[in-house]
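I opened the notebook to look up a few items in this structure. The entries below follow the order in which I checked them.

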Amino acid sequence: MAAETSSHATQEQEATALFNKGVKLDHLHRYDEALAAYNELITRFGNSQNLTLQQIVAKARHNLSL
């Protein structure tokens, strides 16, 4: 159980880092790179059953639609 929790925490940190990367790149007007970060996040974590990961993916999808 502890290993599973640690794995989820690591995935959540990775997903958060990719999301934040996309936001920062967007603010720098580096739109293609921001889109790539969001797409990588969605590709890697889009099918996760973890609620936190689903929320991060949803925010990335929202930002892609803007």
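Which element gives the most to the lining of the largest pocket? I looked this up and found α2, with four residues. I note that the model is predicted.

**Entry: pocket.** I read off a volume of about 160 Å³ for the largest pocket. I then noted that α1 (2-27), α2 and α3 are the elements that give two or more residues to its lining. The lining residues I listed are V23, D26, H27, Y31, A34, L35, Y38, N63, L64 and L66. Sorted by class, I have seven nonpolar, two polar and one charged residues in this lining.

**Entry: core.** I turned to the largest nonpolar core and found 13 residues in it. A15, F19, L41, F45 and A60 have the most contacts inside this core. Two or more residues come from each of α1, α2 and α3, and α2 supplies the largest share, five residues. I followed up A60 and found contacts with F19, Y38, L41 and I42, leaving aside neighbours within four places in sequence.

**Entry: loop.** I placed S48 in the loop between α2 (31-45) and α3 (51-65). Is S48 buried or exposed? I count S48 as buried because its relative accessibility is 18%, and the cut-off for buried is under 20%. I found a polar atom of the S48 side chain 3.0 Å from the backbone nitrogen of N50. Not counting residues up to four places away in sequence, I have S48 touching L53 and Q54.

Technical notes
Residues numbered from 1 in each chain as written. Predicted model: local features only at pLDDT ≥ 70, side-chain atom pairs only at ≥ 80, totals over all residues. Heavy atoms only, no water. Buried < 20%, exposed > 50% of the residue type's maximum accessible area, 1.4 Å probe, protein only. Polar contact = N/O pair within 3.5 Å; in protein donor to acceptor, adjacent residues only side chain to side chain. Contact = heavy atoms within 4.5 Å. 1 Å grid on protein atoms, 1.4 Å probe; cavity = no way out; pocket = protein on both sides within 12 Å on 5 of 7 lines; lining within 4 Å. Points joined across faces, edges and corners; volume = space filled by probe spheres on them. Nonpolar A, V, L, I, M, F, W, Y, C, P; charged D, E, K, R; others polar. Core = buried A, V, L, I, M, F, W, Y, C linked by side-chain atoms within 4.5 Å.
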